[in-house]
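Me: I would like to go through the labels used for this structure and see what each one rests on. Please set each value against its cut-off.

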Amino acid sequence: MLTKWRIFAMNHQKISNIHLNIICCCKIRASLKRSKIHVPLARNYSSLPGLIGNDIKSLHSIINPPIAKIRNIGIMAHIDAGKTTTTERILYYSGYTRSLGDVDDGDTVTDFMAQERERGITIQSAAVTFDWNGYRVNLIDTPGHVDFTMEVERCLRVLDGAVAVFDASAGVEAQTLTVWRQADKHKIPRICFLNKMDKTGASFEYAVESIREKLKAKPLLLQLPIGEAKTFRGVVDIVRKEKLLWNSNSEDGKDFERKPLSEMSDPELLKETTEARNALIEQIADLDDEFADLVLREFSENFDLLPAEKLQTAIHRVTLAQAAVPVLCGSALKNKGVQPLLDAITAYLPSPEERNYEFLQWYKGDLCALAFKVLHDKQRGPLVLLRIYSGTLKPQLAIHNVNKNCTERMSRLLLPFADQHVEIPSLTAGNIALTVGLKHTATGDTIVSSKSSVLAAARRAEREGGKQNRQSSEAERLLLAGVEVPEPVFFCTIEPPSVAKQPDLDHALKCLQREDPSLKVRTDPDSGQTILCGMGELHIEIIHDRIKREYGLETYLGPLQVAYRETILNSVRVTDTLDRTLGDKRHLVTIELETQPAEAPSVVPLVEYAEGVSEDLLKASQEAIENGVHSACLQGPLLGSPVQDVAITLHSLIIHPGTSPTMVSACVSRCVQKALKKAEKQLLEPLMSLEITVTGDYLSPVLADLAQRRGNIQEIQTRQDNKVVIGFVPLAEMMGYSTVLRTLTSGSATFALELSAYQAMSPQEQNMLLSQRRGST
């Protein structure tokens with residue numbers, strides 16, 4: 001669970017000038033129409049590479065390149081490190097766009113939502129397909145704001161490699177750590193790109209050291225910068241011992257010259273590069289046995305004789321093994337260093353066949369894909385993004401959803417080009433596809449060709465997996481791991497402008513929930529109000545804005561509230577009996593259970609059964625009992641917040657013959673609630689880890705303000721000319737903090753928040769909160 005705000009005040013709102021040569025996205029058209037501003041159409045997008053122009057290839061070779069030539073990559077970083085700008089330059093140099101997009105001008109390809117263009121931040125991940133030197137690259141630009149970490153999580157789940165972008169003046173920042181951990185979890189090979197080398201305060205050495213220290217990674221320096229900050233003008237390719245200088249007269253950065261370093265013209269630079277190359281060779285030899293044998297056998301006397309191709313192959317192997325990360329540098333905004341980054345993506349990041357997916361052996365080439373994102377298009381309906389792991393996908397194909405156990409028909413198949421889509425006849429393994437017509441498929445669902453293919457795969461897994469833990473291992477192997485959805489930490493009420501508009505609001509929220517699994521919607525059982533639960537202030541603000549723009553509903557939000565939790569401090573044993581006659585049938589249940597604090601932290605209640613409980617009775621009623629326990633723990637006795645860190649032991653269970661499972665659940669639920677009310681109760685509040693970057697001049701007022709917010713300062717680091725304050729603070733104290741921090745520091749400071757844990761509130765704070773809530777109801 002992660003929460004962070006970073007709100008950018010932008011005095012201008014520019015609508016991008018877009019000319020779409022392929023298929024124009026209805027979202028942009030609608031936003032232009034609503035704005036009622038005449039916009040000259042100046043932005044040009046190139047056609048699908050190879051389809052139009054002199055170099056005409058067959059459609060099949062363009063749509064389905066060899067799997068070894070495919071790269072599925074993501075761009076990830078802390079907010080404002082330059083992900084979207086880097087993506088824009090990549091698209092321009094690959095020939096996908098014909099003009100350079102700019103975040104400040106609001107005309108970027110991947111940030112196509114109105115909210116993204118106004119705020120200058122990425123909210124939704126966008127998929128783009130392009131070609132580079134004979135390679136097909138499926139690129140996803142992910143958000144850096146922690147409120148949208150779910151977007152990063154579900155995209156990393158289906159990628160084969162990633163590019164981590166760093167601000168060279170800041171190095172590793174708070175959200176960099178978060179996305180790095182997510183990539184570690186999915187075992188994704190990475191390349192590091194030190195961006196903004198032209199920025200005042202940029203330091204190549206500092207940024208590399210922060211990667212080594214904070215990320216515990218081993219950086220492989222493949223480039224050195226020529227100059228830093230204002231003097232930055234190019235890079236040195238350490239592998240080939242060449243310098244790459246960008247023409248100062250070239251505005252778009254396409255023109256640059258690659259020259260071998262020579263003793264005559266660059267003696268100092270050649271010496272530095274030779275030392276760096278020798279160090280790189282030694283570093284890789286330590287990490288890769290095959291390369292070490294090669295070096296010792298043939299090139300131990302003189303590393304200069306080692307061919308660049310041999311070194312590149314070894315770097316590729318080390319990157320795939322995640323033993324180290326290649327590091328490159330440049331300035332995306334100034335159009336320097338992006339082409340070598342593209343070369344590195346194709347040379348060092350893996351193709352789909354180089355990633356080891358255990359489940360593929362059971363499918364034997366049959367269709368197997370994972371739905372990782374759902375978009376809602378008003379004209380086409382739900383658009384589902386699929387990563388194809390094996391088999392071939394074709395339009396009009398009936399596919400089987402393993403998670404939902406249903407069959408659906410896909411009407412059309414598209415290649416994703418951000419907000420444009422190109423219709424295609426088929427797509428093979430390793431690619432990312434956009435499908436139309438899947439009505440029930442949601443994020444994290446496994447898609448296969450038919451139910452029989454799943455059964456066949458299950459039989460293969462059974463035969464080869466052995467009898468030990470057969471059922472559980474089958475399920476794990478055949479269902480692709482879905483996406484872990486964090487619990488929301490903020491909630492508020494949302495109301496339509498009139499009762500007549502309630503169905504429209506329900507429809508809008510249903511569509512938005514399917515797009516964004518981290519958005520939760522529930523109904524308050526007492527008031528009947530709709531409750532919107534999200535990952536942060538910005539998350540809920542964006543959802544509110546989207547309902548207004550995309551669905552035309554002027555909704556009203558109640559005050560934002562923190563999602564507290566509840567727990568108990570002592571054991572309580574209670575008995576309850578439910579005796580009810582419905583029609584001619586008597587339902588009778590008697591239960592004795594005990595609630596006690598759990599030994600280890602647990603979000604869901606732990607259910608245990610005493611030895612005296614009949615096993616036969618338990619087999620028939622276990623599901624009903626556990627449903628009753630879970631429903632009782634959804635709302636605690638203090639604030640109606642979820643109850644956690646609770647263990648429940650069932651001591652006695654007597655069920656009259658003919659009693660329905662619903663009545664068993666109702667009796668268990670009532671009994672658990674009775675026990676929770678009798679126990680000593682404790683409120684838990686979300687504690688956030690906080691990182692503030694501020695100049696030394698404003699450090700004192702920031703620290704004084706944090707002391708008033710119950711902040712606990714852990715350390716104060718020095719980062720270049722700035723101070724970085726690291727500590728913990730309760731989320732309840734951080735409402736509207738971005739505005740306060742801007743005022744305190746004249747807009748010069750930035751901060752990042754991330755959920756650390758839930759901690760017990762002090763008795764004074766708890767009593768104050770309870771009296772506030774009771775006074776307001």
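Me: How many aromatic pairs does a search of the whole structure find?
Reply: The model is a predicted one. Searching the whole structure gives two aromatic pairs.

Me: Why is the pair of Tyr92 and Tyr93 called edge-to-face?
Reply: The ring centres of Tyr92 and Tyr93 are 5.5 Å apart, and rings pair if their centres lie within 6.5 Å. Their planes stand at 65 degrees, and planes over 60 degrees apart count as edge-to-face. The pair is therefore edge-to-face. Both Tyr92 and Tyr93 are buried.

Me: What makes the pair of Trp246 and Phe256 stacked?
Reply: The planes of Trp246 and Phe256 are at 20 degrees, with the ring centres 4.9 Å apart. Planes under 30 degrees apart count as stacked, so this pair is stacked. The pair links distant parts of the chain, with Trp246 in strand S9 (residues 242-246) and Phe256 in strand S10 (residues 256-260), 10 residues apart.

Me: Is Trp246 buried or exposed, and how do you know?
Reply: Trp246 has a relative accessible area of 7%. Buried means under 20%, so Trp246 is buried.

Me: How do you know which charge sits over the ring of Trp180?
Reply: The charged end of Arg190 is 4.5 Å from the centre of the Trp180 ring and sits over that ring. The distance limit is 6 Å. Another such case is Arg565, which lies over the face of Tyr758 at 4.6 Å from the ring centre.

Me: What makes H8 and H10 oblique?
Reply: The axes of helix H8 (residues 267-287) and helix H10 (residues 308-320) cross at roughly 45 degrees and come within 10 Å. Angles under 35 degrees count as roughly parallel, and 65 to 115 as roughly perpendicular. H8 and H10 are therefore oblique to each other. Their crossing is left-handed. Residues making the contact include Leu280 and Ile284 of H8, and Leu311 and Ile315 of H10.

Me: Why is H15 called oblique to H16?
Reply: Helix H15 (residues 502-515) and helix H16 (residues 537-551) pack at an angle of about 120 degrees, with axes 11 Å apart. Roughly perpendicular covers 65 to 115 degrees, and roughly antiparallel is over 145, so H15 is oblique to H16. The crossing of H15 and H16 is right-handed. Among the residues that meet are Leu505 and Leu512 in H15, and Ile543 and Tyr551 in H16.

Me: What makes Glu173 buried, and where does it lie?
Reply: Glu173 is in the loop between strand S4 (161-167) and helix H6 (174-185). Its relative accessible area is 12%, and the limit for buried is under 20%. Glu173 is therefore buried. Residues up to four places away in sequence aside, Glu173 touches His78, Asp167, Glu691 and Arg719.

Me: Why is Pro559 called exposed?
Reply: Pro559 has 62% relative accessibility, and exposed means over 50%, so Pro559 counts as exposed. Pro559 lies in the loop between strand S25 (556-557) and strand S26 (561-562). Neighbours within four places in sequence aside, Pro559 is in contact with Phe491 and Cys492.

Conventions:
Residues numbered from 1 in each chain as written. Predicted model: local features only at pLDDT ≥ 70, side-chain atom pairs only at ≥ 80, totals over all residues. Heavy atoms only, no water. Phe/Tyr/Trp six-rings, centres within 6.5 Å; stacked < 30°, edge-to-face > 60°. Buried < 20%, exposed > 50% of the residue type's maximum accessible area, 1.4 Å probe, protein only. Helix = DSSP H or I, 4+ residues; strand = E, 2+ residues; numbered from the N terminus. Lys NZ or Arg CZ within 6 Å of the ring centre and 35° of its normal. Axes fitted to C-alpha atoms, helices over the stretch in contact; angles between N-to-C directions. Left-handed = near helix turned anticlockwise from the far one by under 90°. Contact = heavy atoms within 4.5 Å.
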